Amino acid sequence: MQGVRIYQIPPCRMVSSGTGMFGDGVLERFNAWFSRQPRGIFPKDFLFWDGAGFRWLYLYEKGMEVPPEFDIMDFPGGLYAVATDIDGQADMEALNREVDAFLEKSGFERDPDRFDLGKIITPPSVSEILGYNQTDYYTPIRAKQK
């Protein structure tokens, strides 16, 4: 069984929280806003570290009411190697070794020009039963350069 899958995010528009840290209010306000959006089959948010802090993104849909404090940005999309683990408890070194072993065998390599993304995939009702959230960790990839 493979523990890593490849996923493609198409180019799209995303609502951005701006850069912040948990506890400073930026991410909490963004979470409060996007948590009021209708929940679909798949969560539409992604979190990443941009070098200065965390940035939260949410898939923008035409006609969506976005508070003025949040920007709407173009997101380039691309291919990602995705692995799942427990949110906040993942052994990131082991997870990265698993992703790298998969990439070594598959004809892909990491794409250093894009950010890693994370997404909690557990619905609140399941999180309550499990006692934790599951997170998908997205590693940007590209075809191996020759």
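A strand is a DSSP run of E with at least two residues, and a helix is a run of H or I with at least four, both numbered from the N terminus. The model is predicted, so local features need pLDDT of at least 70 and side-chain atom pairs count only at pLDDT 80 or more, while totals for chains, interfaces and linings use all residues. Residues are numbered from 1 along each chain as its sequence is written, and side-chain values use heavy atoms, with hydrogens and water left out.

**Exercise 1.** Describe the surroundings of D136.

Solution. 
1. Locate the residue: D136 belongs to strand β9, residues 134–143.
2. Classify it. Buried means under 20% relative accessible area, exposed over 50%, and partly exposed in between (1.4 Å probe, protein chains only). D136 counts as buried because its relative accessibility is 4%.
3. List polar contacts. A polar contact is a pair of N or O atoms within 3.5 Å; within protein, one must be able to donate a hydrogen and the other to accept it, and residues adjacent in sequence count only if both atoms are side-chain atoms. The side chain of D136 has one of 2.6 Å with the side chain of R5 and one of 2.5 Å with that of T84.
4. With neighbours within four places in sequence left aside, D136 touches residues including V82, L117 and K119.

**Exercise 2.** Which residues of helix α1 are buried, and what covers them?

Solution. 
1. In α1 (residues 26–34), the buried residues are V26, L27, F30, W33 and F34.
2. Seen down the axis of α1, these residues fall within an arc of 120°, so they line one face of the helix. The arc is taken from the directions from the helix axis to the C-beta atoms.
3. Their cover includes β2 (12–20), β3 (45–49) and β4 (54–59).

**Exercise 3.** Describe the lining of the second largest pocket.

Solution. 
1. On a 1 Å grid over the protein atoms alone, a pocket is an open set of points where a 1.4 Å probe fits, with protein on both sides within 12 Å along at least five of seven lines; lining residues have an atom within 4 Å of a point.
2. This pocket has a volume of about 380 Å³.
3. It is lined by 17 residues, and Y7, F42, P43, K119 and Y138 lie nearest its centre.
4. Strand β1 gives the largest share of the lining, 3 residues.

Notes: Contact = heavy atoms within 4.5 Å. Points joined across faces, edges and corners; volume = space filled by probe spheres on them.
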